[in-house]
Amino acid sequence: MADSLISVRNLEKSYKMGDVEVHALRGVSLEVKTGEYVAIMGASGSGKSTFMNIIGCLDHISKGDYFLDGVDVKTFSKNQLADLRSKKIGFIFQSFNILARTSAIENVELPLLYNNSVGSKERKERAYNALKSVGLADRMHSLPNQLSGGQQQRVAIARALVNEPLVIMADEPTGNLDTRTSFEIMEIFQALNEKGRTIVMVTHEPDIAQFALSNVIFKDGKIISNGLVKDRKNPTEELKKLIEYNLEPTTV
Amino acid sequence: MNLINLFKVAYRSLKKNLFRTFLTMLGIIIGVASVIAMLAIGQGSKENITASISSLGTNTIMIYPGAFSMGGVRMGAGSVSTLTKEDAEAILRRCELVSHVVPVVNKSSQIIAGSQNWKTNVVGSHADYFFIRDLHIQTGNIYSESDEHSAAKVCVVGQTVVTNLFGENVDPIGKMIRINAIPFKIIGMLEKKGQNTFGQDQDDIIIAPFFTVQKRMLQTTFINSILASGLDEKVIDEATLEIKPILREMHKLPPNDEDDFTIRTQQDIAKTFGSISSVLTILLASIASISLLVGGIGIMNIMLVSVTERTREIGIRLAIGAKSKDVLLQFMIESIFISLIGGALGILLGLLIAFLVSSLGGWPVTVTLSSILLSSVFSATIGIFFGWYPARKAANLNPIDALRYE
């Protein structure tokens, strides 16, 4: 438990939809250690998104235990959860979720605005560096509608990184992107993981899951398989192949 | 999140919807401006009325015959003459706080001069009457003491009377007029005074020696009123208190009977009119503040729309670490910002309206600091009050639901 970054035991989650009680998670246990790169797979309604919301500290637990970085999250209040999200978690969403009509750099600065220990000079510097690390330094003043989907997702990645979180949680990060851009995003993930960043990613695309170190498969609110990826793929090579075969028009 | 950042965030989001922000502000601007302008106009006319009443002389005391009861039947005030010349003399003799006291008789009479005639108010009083009423002679003289003793048939006329009897710019001195068939010689003409606050023409008057009017014209022993002037404006109220027991004694009133006279001062009248215009001012201001209220509801409406529209943004903010408090403050600051800036612009517009009313309309206008403070506080309160509910709604959003919101 102590050496696990994320430690989930017998987690259950149920909520009411109208009169029906939905059991989204029925006893899930999972350990994620620092430096791991986990892809969570499963069909729609398998509970993977609910699980993601819980380990992302966006939702409360019905039953079971959840320790994030050794801290018992179960008893935390709304504000304490917000604090955890601000300091320990970086989110990436399927639909990018960056603020409209707000420049790239301002979007990346956003998490730091809610962190009182960061001054305005340091905030700008860190936001710039984060944007630079995803290769968008030259587009820092662009508005979201001037950026492509891939670029928007890269802004979102920069925003997730800017707080130096312990873990990056990505919910279908490639769901709205074409294959080539997906691979490019995966390249960034790979590079982050190689630098020691822990990543938990939800995806329903098997070929995207192949880039992770290990795969966890959900079905009906339970984990049915959890193991290392055997023939792991490298996004850089896949991208090369893609361009060689010219399977996809070159779009960025 | 610290406050400076919150202000930045609020400012950025208001700037993104500049026109909408302005329209929302407009409600507050108009509300505040109308409150300021109404208060300024109300206050201005109040001061104008008070000033013109004060110009009649604030140290004048007027004593009228009061309620008279006979065998338990109370007659209305002024129904019976209870005052006499001796009352006036007693007041002058015994009250130390008054400088001049005169008995006054007056009657509205038909005046004839040659082929012209005119109905006017004929006042009979001593020469001190001119001092108490602050009347000045333009040409000629006031009647002398011997005129008074002999009940001489002389008079001083106001300019309206002159104009109506003799025409414009005629020197009436030495001319004869007939009042109730008694011939009078004009020995003086008053300076023009114009209308008083109540719209009465103060130049439509004839003043003659007291005995002339009382004995020759009216043939009575009673008088219509007593006019007195205090030593000083400040002692008027005390003087009134001194006069009361003197008159009660003169009229031999038993202790339980009510006064058969009424004492009024110019200050009382000024106060009455002041309070009337205060009521009008409050009325105007409350009508104006309704528009301020409507402006506030406008803010609430827009903020609610804004919260719904930005549900996703709120979800994002919550997901990346914003606390409920941060979201609450962000929306509160936005609404307070709208109402404060709106309030400031409203004050400027209000001042402009007040200025235009006074310079173009010639209406007296006084902008008071308190009206500016009042509307500033009011508009800030509106921002807080009407911003609270939408902000609360935003802060209580569940981040998961907010992120899913389309």
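Guide: Here are a few terms, each checked against its definition; bear in mind that this is a predicted model.

Visitor: Why are α3(A) and α4(A) called oblique to each other?

Guide: Helix α3 (residues 104-113) of chain A and helix α4 (residues 120-133) of chain A pack at an angle of about 120°, with their axes 9 Å apart. Roughly perpendicular covers 65 to 115 degrees and roughly antiparallel needs over 145, so α3(A) and α4(A) count as oblique. The crossing of α3(A) past α4(A) is right-handed.

Visitor: What makes the contact between those two helices, by residue class?

Guide: On α3(A) the residues include A:Ile105, A:Val108 and A:Leu112, and on α4(A) they include A:Ala127, A:Tyr128 and A:Leu131. The contact has eight nonpolar and four charged residues, with no polar ones.

Visitor: How do you know that β1(A) and β2(A) pair?

Guide: Pairing takes at least two bridges, and strand β1 (residues 4-17) and strand β2 (residues 20-33) of chain A have 11, in the antiparallel sense. For instance, A:Ser7 has A:Glu31 in β2(A) as its bridge partner. The two strands form a hairpin with two residues between them, and A:Gly18 in the turn has a positive phi of about 70°.

Visitor: What makes up the side of chain B that touches chain A?

Guide: There, 18 residues of chain B are in contact with 18 of chain A. α1, α10, α11 and α13 of chain B each supply at least two residues of that side, and α10(B) gives the largest share, four residues. By class, that side of chain B has 10 nonpolar, four polar and four charged residues.

Conventions
Residues are numbered from 1 along each chain as its sequence is written. Chains are lettered from A and ligands numbered from 1 in the order in which they are written. This is a predicted model: local features need pLDDT of at least 70, side-chain atom pairs count only at pLDDT 80 or more; totals for chains, interfaces and linings use all residues. Axes are lines fitted to C-alpha atoms, for helices over the stretch in contact, and angles run from 0 to 180 degrees between N-to-C directions. Angles under 35 degrees count as roughly parallel, over 145 as roughly antiparallel, 65 to 115 as roughly perpendicular and the rest as oblique. A crossing is left-handed if the near helix is turned anticlockwise from the far one by less than a right angle, and right-handed if clockwise. Two residues are in contact if their C-beta atoms, placed from the backbone, lie within 7 Å. Ala, Val, Leu, Ile, Met, Phe, Trp, Tyr, Cys and Pro count as nonpolar, Asp, Glu, Lys and Arg as charged, and the others, Gly among them, as polar.
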